[in-house]
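Colleague: Can you take me through this one?

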Amino acid sequence: MITIGALSQRTGVNIETIRYYERINLTPKPPRTESRRRLYGAEDVRRLTFIRHSRDLGFDIPAIKRMLALQESPEASCDQVSRIATDQLEAVEIRIGRLLDLRASSFE
């Protein structure tokens with residue numbers, strides 16, 4: 001078991017962000033010591049790393065919640081996760097197009 005500071009270092013996620021994710025139920029509330037310190041395990045590291053990578057790729061919180069829920073349901077179809085990823089890819093491609101248009105118009 002590790003503390004929130006060690007979790008932050010291992011995952012690259014700010015301590016306040018970890019607390020925020022707990023408040024919005026993106027991560028489960030961890031057990032606490034008698035002195036009220038949070039304790040995290042290997043599954044918490046894995047989940048938070050997944051969340052950080054997903055955020056780095058531009059996924060919003062609701063999409064990440066859906067992907068995590070699907071991950072926890074072995075009977076869930078991979079098509080649902082594929083759809084979430086495809087939607088994100090389409091959004092990124094639209095943004096790239098807009099940025100290219102902006103760049104082209106700034107040279108006119």
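Modeller: What follows covers salt bridges and then a cavity. The model is predicted, so local features need pLDDT of at least 70, side-chain atom pairs count only at pLDDT 80 or more, and totals for chains, interfaces and linings use all residues. Residues are numbered from 1 along each chain as its sequence is written, and side-chain values use heavy atoms, with hydrogens and water left out.

Colleague: How many salt bridges does a search of the whole structure find?

Modeller: It finds 7, where a salt bridge is a side-chain nitrogen of Lys or Arg within 4 Å of a carboxyl oxygen of Asp or Glu.

Colleague: Which residue does Arg47 meet in a salt bridge?

Modeller: Glu72, at 2.6 Å from N to O. The pair links distant parts of the chain, 25 residues apart: Arg47 is in helix H3, and Glu72 is in the loop between helix H4 (61-71) and helix H5 (78-106). Helices are DSSP runs (H or I, at least four residues), numbered from the N terminus.

Colleague: Is Arg47 buried or exposed?

Modeller: Arg47 is buried at 11% relative accessible area, while Glu72 is exposed at 53%. Buried means under 20%, exposed over 50%, partly exposed in between (1.4 Å probe, protein chains only).

Colleague: Switching topic, what lines the largest cavity?

Modeller: Leu7, Ile18, Glu22, Thr27, Pro28, Tyr40, Asp44 and Leu48. A cavity is a set of points on a 1 Å grid over the protein atoms alone where a 1.4 Å probe fits but cannot get out; lining residues have an atom within 4 Å of a point.

Definitions and conventions:
On a 1 Å grid over the protein atoms alone, a cavity is a set of points where a 1.4 Å probe fits but cannot get out, and a pocket is an open set with protein on both sides within 12 Å along at least five of seven lines; lining residues have an atom within 4 Å of a point. Helices (H or I, at least four residues) and strands (E, at least two) are DSSP runs, numbered from the N terminus.
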